[in-house]
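Colleague: I would like to learn how to read strands and interfaces in a model. Please take me through one.

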Amino acid sequence: MAITTMVGARIHRREDPRLVRGQGRYTDDFVRPHTLHMAVVRSPYAHARIRSLDTSAARQAPGVVAVLTAADFKPVIAGAMPVAPAFVPEKKQTPERFPIVEKEACFQGEPVAVVVAEDRYQAADAAQLVQVDWEPLPAVMDLEQAMRPGSPTVHEGGPDNIGWDLTFSADADAAFAEAEVVVEQRIYQQRLAPTPMEPRAILAEWNSGDETMTMWMSSQSPHFIRLFVGGALGIPESRFRVIAPDVGGGFGSKISPYPEDYLVPAAAKLLGRPVKWTETRTENLQNATHGRGQYYDLAIAGNRDGKLLGLKVTQYLDIGAYVGTFGAFQACACLLPGAYVWKQVASRTVGVLTNKVPTDPYRGAGRPEATHLVERMVDLFAREIGMDPAEVRRKNFITEFPHTNPFGLVYDSGNYAGALDKALQIAGYEQFRREQEAARAQGRLLGVGLSTWIEICGFGPSAATAPATGGMALTESAQVRVFPTGSVTCYVGTHSHGQGHDTTFAQIVADALGVPYDQVEIRHGDTAEGPSFGYGTYGSRSLAVGGMALLTAAGRVRDKAKKIAAHVLEAAEEDVVFDQGQFYVKGSPERRKSIQEIAFAAYGAGLPEGMELGLEAVAYYDPSNFVWPFGAHICMVEVDRETGDVKILRYVAVDDCGNVINPMIVEGQIHGGVAQGIAQALYEEVVYAEDGTLRTGTMLDYAVPTANEMPPMTLDRTVTPSPTNELGVKGIGEAGTIAASAAVINAVCDALAPLGIRHVDMPASPDRIWKLMQEAKA
Amino acid sequence: MIPAAFEYARATTVQEASDLLRRYGEEAKVLAGGHSLIPLMRLRLAQPSALVDINPVRELDYVVLEDGRLRVGALTRHVEIQRNPTIRQNLPILAEVADEVGDNQVRNLGTIGGVIAHADSAGDYPTIAVMLDAEVVTNKRRFAARDFFQGLFTTPLEPDEVVCEVVFPVARGPHRYVKFRRRLFDWAIVAAGAQRLDDGSWRIGLTNCGPTAVRCHTVEQALAQGASPEEAAEHASDGLEPSGDLRASPEYKKHLARVLTKRAILQAQ
Amino acid sequence: MKHKVSVVINGKQREDEVEPRLLLVHYIRDVAGLTGTHIGCDTSQCGACTVLLDGKAIKSCTMFAVQADGHEIRTIEGLAAPDGTLHPIQQAFWDEHGLQCGYCTPGFIMAAAYLLDQNPNPTEEEIRKGLEGNLCRCTGYVNIVKAVQSAARKMAGTTAVGATGE
């Protein structure tokens, strides 16, 4: 790209003035006349059969307009909820899921009836009056038990509880045979609740006159919702408008369609009035898809000189009661090799059904897990051979790019040692090692942990992702419209819910077209506007794919403008220069036409013969490869020897996401990502009781950290542009989360090393660490 | 989430509150700061038929020092307890504890009377009340704190009985309340309080180690007999039978009881 | 039975008849139509619903509207100056990138307004403690803390619109 003024600048977000004034517009803020409110009656059991369901008392409650059950919805909602192949195309079983239970509830919280009333208080009251006679069935809660032959099944009559069992590459035996050292470990990845601050919400309005549905909802992917829900309700996309307005965070939990996404519009259509449903936090923790929920049996092989040879991984993944729409994306094989050169990597993933809410992508979706386990195993290996973990990493880093990993994926660019060295220097690694030694002599437990993470993102090249999506291309779309007076409106198929796209994308377009930044408007989240399909925001794809779609569309506009400019300037097109919004003939920059003048001309008479009027373009961008950000995170901790409490002393992150459009926004993404990684490492865990009751159903019990638990962070970056796209950018939305848990846990394990403790699972809570200390003493 | 419907009445005097409670009967509840009650009502774990709002009862909002005793009105908010000069001078441990209850927003509304009447063993004030032999005064009776907290969420309060004040002894000596929790605004996993009295003796209490707040007589006695804080604190878990929860096993709570007691004594100033 | 409530919200007097169980936050959002105050949990943890009641930060999800009778409420919509100039804390959240999705932001700003009203020159630790009643999922709190520090500096020595309007 040309040297520019906006790209790379720390522009303050244009989203913010209204958000800090309380003028944000989230779904529950929208009001339509005569709106009804829906409350959902849910299964209190993890697994139970409905003997009978009596809605008569609820129907008679004040304000109640309808009580609807599966019998009411069956005629208007067609088919089962979708499940994408998601890298596991051959699944052994994908239990069919209808949005509302007809006979058998398979997790606590599954909808069995909805109450629709004049206000939300009345709906909540009447929901309590729906009488369900339940016959409890055995709940399958534990992964290992679920896999045993003869285990009760998650669904009555199911063959077993295996959702999938897939081997990506079978063999690492040769690498292990030649290795001097083999280290084995089982590592758990606890279930997590994504917990966006705004729970889900839906408002649907059916216009029976023109048979159109409008739905406002808190979603990361409104076009997907229109496709899936419109299909099920028999409403063509041309008459189904989904609007995802301001969305209060998603973190992956607002991608897939949920039961309520069908039930609310269906109820609106059945009742002929707008219907609103706003999820409570308790419902959110219970019913929004969870993330992680896995354990791994791992072995790493290498030589005493530090050379890594082989890695064997078996993943057991807690699917929940139904296979999440994108649940199998968590089968993280593709990223297992991490930043290292291996002789062989063998990987198997087993998806196991349980009577819990389904798991689905949560910030990172497979990549935090892969990073955690490879980074932990490298540390365990380093400890086994008595070598500094930084040294082991350096000896094994991939140094030549492009690099094809054992699964055939091609890393586009990187400088892993560069990021590590910078991080070590900023963190004062050598100095800390000396302090650690001194502290250990006094009985204090200090530790330092590294995470030299990499990531695959920018989903995705359609050729590579089609098998994962069932043939749908994960491209991205954009439309750029230049109005006659030169202001610009852009429509993107991505969705911004905190990522600041309105700002970043406007920076890109302002430079690409040479128009003032404040005359570029970015619009997203409304399926009635812009290109016919958008793919949404997840997987750190928006800039590398959506930004490129926008740049491509802007380029088309510029190309046409150049043709018009050549005509106006009476020059050959190839002689016309475009420079920061000005067209002129090579050699005579004083005679120039601004893009605003050209835009005006584009809508007037006197265009070149045969040229259509207008200055706008649509682009669908299909990247040639994924993009591969990377970095090095370093965490320093002290563990309280008496209580097991972990205090983070310092957190340093050096990340590389290629070229940076807006450093301020990139830093913000890393801060938040790291916070969620630390939260997994030390605080959060979804816990179910043996009988299937969720024990972490409120924010009192599900421990989202406050400002007091989060450390200050020191950030820096290296810049290794991506050769994959013209912007040279890579994703950064998930990087912090992908990197952080390994850095923290490696630090905790390093701190506990003098006690002979090898490994700590997450969350590394004080009671867990204390227990390990007791066991180590014994 | 949304609470179930209830009748609502405001009282401006204790007498009026008591009369209203009598009128509404056993299913009525007193509404003070509401920070324990309202979340339970929103989850519909509590569905009182009526709430008697005592927030307008000005006569319950006071802190006075009288005859060497510190009388704290039931409606005194946590934020007031944190800052009140009389409390800070005469029973600084109580101000220290108030600073650790909830968060700013909670402290602006929550009241000492509410915490006492709720009788949650994870509450912080009951520990101070029990370890210092405070009295809980209602519109009908006076209780020694140890008698008032009968069990988890269980007190002898009758349906028309209102907690009016808590009377603490003055204790200006070295003190410390060590509250161990995951997040700063969380309830204690375990907390330990230590207060040295003017006669040189110690009072030790524990939070969330049983169905009610615990006074650690064995630790106090050990200290009285000249044991070091480390030695004495080893007795903190004597006889404790805490229940496990999401954050801690019973064994770990007992361990914390010993560690935190030691720290409270050592850090007392 | 409905009860009459008479409150002043952001300087404007209003009277309504409400059910006793109407949560103050629903009154603010659904009755008064001030949707800048958000709801993020059921149990008084997240602080998204923080408003000022007579100048004190409270969680409006943990109070009934009837209890607010006779009191003065200030919400995020009432923080900027009448001419629209952002309050220094609002400005600082913008300047320091103290928000991402924006959902927790009004609650944080109101909690910060109270914090700086009580302690105009807080240390970093005091800021973190002062915001313990508010949860953010996007920022890792790094830039929120920075924003409050920056606002404190700007407000020092000025008589800008007071947080509590007093």
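Colleague: Which residue stands opposite Arg191(A) in β13(A)?

Modeller: Arg292(A) stands opposite Arg191(A). Before going on, note that this is a predicted model, where local features need pLDDT of at least 70 and side-chain atom pairs count only at pLDDT 80 or more, while totals for chains, interfaces and linings use all residues. Residues are numbered from 1 along each chain as its sequence is written, and chains are lettered from A and ligands numbered from 1 in the order in which they are written.

Colleague: In what sense do β8(A) and β13(A) pair, and over how many bridges?

Modeller: Two strands pair if DSSP finds at least two bridges between them. Strands (E, at least two residues) and helices (H or I, at least four) are DSSP runs, numbered from the N terminus. Here β8 (residues 181–192) of chain A pairs with β13(A) in the antiparallel sense over eleven bridges. Strand β14 (residues 308–320) of chain A also runs antiparallel to β13(A), joined by nine bridges. In that pairing Tyr295(A) stands opposite Tyr316(A). Five residues lie between the strands of the β13(A) and β14(A) hairpin, where Gly306(A) takes a positive phi near 100°.

Colleague: Is β13(A) largely enclosed or left open?

Modeller: A residue is buried if 20 or more other C-beta atoms, placed from the backbone, lie within 10 Å of its own. Ten of the twelve residues of β13 (residues 291–302) of chain A are buried, so the strand is largely enclosed by the rest of the structure.

Colleague: What is the strand order in the open sheet of four strands in chain A?

Modeller: The order is β21-β20-β19-β25, with mixed pairing. The edge strands β21 (520–524) and β25 (616–621) of chain A have a single partner strand each, so one side of each is left without a neighbour in the sheet. Within the sheet, β19 (residues 476–482) and β20 (residues 488–492) of chain A are antiparallel over five bridges. Arg481(A) stands opposite Thr489(A) in β20(A).

Colleague: How many residues of chain A are in contact with chain C?

Modeller: Two residues are in contact if their C-beta atoms, placed from the backbone, lie within 7 Å. By that rule, 41 residues of chain A are in contact with 43 residues of chain C. On the chain A side, α1 (16–20), α9 (281–287) and α18 (663–683) each supply at least two residues. The most, six residues, come from α18(A).

Colleague: How many residues of chain C are in contact with chain B?

Modeller: There, 25 residues of chain C are in contact with 22 residues of chain B. The largest share of the chain C side, four residues, comes from β4(C).
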